[in-house]
Amino acid sequence: MCGTHDSRLLPQSAYHTNCFYNRFLKRILYRQLTRGIFLVTCICLTAALAWFKLDTVPDQPDGISWLGQEDDTRITRSKGKTNRFSTYFKYILLWNTPDYAPFSFYGQGQRVFLKNNCAAINCYVTTERKFFGADTTEFDAIAFNGRLLYSNDLPKHRTMYQKFIYINMESAENYPVCNSIFDGYFNWTSTYKLNSDIPTPYLMVKNNTGQVIGPQANIGWSKDFPEINEEYSRKLMKKSKAAAWFVSNCLTRSRREDLVKRLQKALAFYGLTVDVYGRCGPLKSPRQQNKVCNARLERDYFFYLSLENSFAEDYVTEKLLTALQHDIVPIVYGGANYERFLPPGSYIDARKYNAADLAALMDWLMRTPKMYQQFFRWKSQLTYSDPSLVENVCKLCKALNDQEKFQEKSVYDKFRMWWNPNYHNRCRYFIEGY
Ligand SMILES: *[C@@H]1O[C@H](CO)[C@@H](O)[C@H](O)[C@H]1NC(C)=O
Ligand SMILES: *[C@@H]1O[C@H](CO)[C@@H](O)[C@H](O)[C@H]1NC(C)=O
């Protein structure tokens, strides 16, 4: 810098003092910098050493930890300062095989939290029950997949400092919990039910500023979605077919297959059809061609049947997402209160109509573009996406890092009832203790 000064701009003396001053500064800076680097290195080394020590010091002698043991080191451990880079890991044991969702989304170790850039990344997942030797009381949390819950395969011991978490993505109606030993067994729940401790719905909705606003009970949906623009309405008017249904499970508890049969009959009166794709229908749309398939769906169809296989509170699956992401009006059928999931005027609830009325409504909307277009007004303000691989996974680690929530005692005393208020009926043929 010094030599490059244009001397013509400065009187000779000024130039010299300026240059000397610069050199002086540089030297000081250089010295400070080396000192700084040295200091930082020292601090890092000390920290690393301390961390290593902390991590390798055995928490507790091996053997059985009894419930309520006073000197459980987990207390001190969980008192550790938590931030994103906390040196304290939260250890999570997935009790069941990782082959089924949502356990299949977690993998092993810490990687999934790093990869997903979660707010909390200090969690470690394993399916190895012997991870801490024979003692499963060392885990901060043990997660049970509700679809693989067996009363004869449960941890032998637990401490009051652990959270036993019931996790399930499947419908409570298809997977009721019948055995009474599970009342008072779980500390936390993580399911599609919105009042779970860690709610993990199949879809989420964000507003224009990117904030997640739902699903949620009592969403204050915006009342003034603007009219859709010309271009969008022209695109919608190119549609020609009534309804598509993608289905692979042909016989269900909700009897949706019967609804479709009745609807097909009623639609025939108007010369309209429900085109059935997948295992249960005549039309094929292979999964590998999902993109092509969805593009065709979006171009051709007015309605998309989003029919759940069973009726359970908040049980709304990813089928609905297909409609919302592809400019098709969803016709929903399920046990949920859909106001928690969808803005008013964006969907048709099949349970509110009989087949003849539903068919008449569909026919009318197809012939009245101005009315059909109303269903899409929310599109300029809201977006729907699938949280199951990222957001829902991150939530588990985040919850374990919430010190207050983690240390607060919590138990589901009437778990069977919470999970499925209809469990008495569903468990009629269940033999206790069997
Ligand atoms: C999005 O939602 C947040 C939280 O509810 C709210 O504060 C914000 O004003 C909303 N933004 C828009 C554009 O509606
Ligand atoms: C978890 O539930 C068990 C069994 O009811 C209970 O003893 C324990 O205190 C609970 N622990 C926490 C951390 O909530």
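Reader: Strand 11, residues 329–333, how many of its residues are buried?
Author: In this predicted model, strand 11 is mostly covered, with five of its five residues buried.

Reader: What does strand 11 pair with, and in what sense?
Author: Strand 11 pairs with strand 10 in the parallel sense, over five bridges. To follow one of these pairings in the structure, look at Leu307, whose bridge partner in strand 11 is Tyr333.

Reader: OK, and what sheet is that part of, I mean in what order do the strands come?
Author: It is an open sheet of five strands in the order 9-8-10-11-12, with parallel pairing. The edge strands are strand 9, residues 274–277, and strand 12, residues 348–349, each of which pairs on one side only.

Reader: How many bridges join strand 8 to strand 10?
Author: Three bridges join strand 8, residues 241–246, to strand 10, residues 301–307, and the two strands run parallel. Lys241 has Tyr301 as its bridge partner in strand 10.

Reader: Why does Asp327 count as partly exposed?
Author: Asp327 has 18 C-beta neighbours inside 10 Å, so it counts as partly exposed, given that a residue needs 20 or more to be buried and 12 or fewer to be exposed.

Reader: Which other residue has a positive phi without being a glycine?
Author: Asn218 is one, with phi near 60°, and its place is in the loop between strand 7 and helix 4. Asn218 counts as exposed because it has 8 C-beta neighbours inside 10 Å.

Reader: Where are there cis peptide bonds?
Author: One joins Gly214 and Pro215, with omega about 5°, and Pro215 is in the loop between strand 7, residues 212–214, and helix 4, residues 230–236. Another cis peptide bond runs from Ala101 to Pro102, with omega near -5°, and Pro102 is found in the loop between strand 1 and helix 3.

Reader: Switching topic: is strand 4 mostly buried or exposed?
Author: Strand 4, residues 163–168, is mostly covered, as six of its six residues are buried. Lys163, Ile165 and Ile167 point one way, whereas Phe164, Tyr166 and Asn168 point the other way.

Reader: Which strands pair with strand 4?
Author: Strand 3 pairs with strand 4 in the parallel sense over five bridges, and Ile142 stands opposite Phe164. Four bridges join strand 4 to strand 5, which also run parallel, and here Ile165 stands opposite Trp188.

Reader: What is Ile165 in contact with, beyond its neighbours within four places in sequence?
Author: Its contacts are Ala141, Ile142, Ala143, Phe144, Phe186, Asn187, Trp188, Thr189 and Ser190. Ile165 is also listed with Ala143, Ala243 and Phe303 as having the most contacts inside the largest nonpolar core, which has 92 residues.

Reader: Which domains does that core draw on?
Author: It draws at least three residues from each of domain 1, which is 86–200 + 387–433, and domain 2, which is 204–386.

Reader: What about helix 10, why is it called largely enclosed?
Author: Nine of the 11 residues of helix 10, residues 391–401, are buried, so the helix is largely enclosed by the rest of the structure. Among the buried ones are Val393, Cys394, Leu396 and Leu400, and what covers the buried residues includes strand 1, helix 3, strand 2, strand 3, strand 5 and helix 11.

Reader: Last one, which residues surround the ligands?
Author: Around ligand 1 are Asn207, Asn208, Thr209, Gln211 and Ile213, a shell with one nonpolar, four polar and no charged residues. Ligand 2 is surrounded by Met160, Tyr161, Lys163, Gly184, Asn187, Lys409, Ser410 and Val411, and that shell divides into three nonpolar, three polar and two charged residues.

Definitions and conventions: Residues are numbered from 1 along each chain as its sequence is written. Chains are lettered from A and ligands numbered from 1 in the order in which they are written. This is a predicted model: local features need pLDDT of at least 70, side-chain atom pairs count only at pLDDT 80 or more; totals for chains, interfaces and linings use all residues. A residue is near a molecule or strand if its C-beta atom, placed from the backbone, lies within 6 Å of it. Ala, Val, Leu, Ile, Met, Phe, Trp, Tyr, Cys and Pro count as nonpolar, Asp, Glu, Lys and Arg as charged, and the others, Gly among them, as polar. Two residues are in contact if their C-beta atoms, placed from the backbone, lie within 7 Å. Two strands pair if DSSP finds at least two bridges between them. A nonpolar core is a set of buried Ala, Val, Leu, Ile, Met, Phe, Trp, Tyr and Cys residues joined through C-beta atoms within 7 Å. Domain bounds come from an automatic or database domain assignment.
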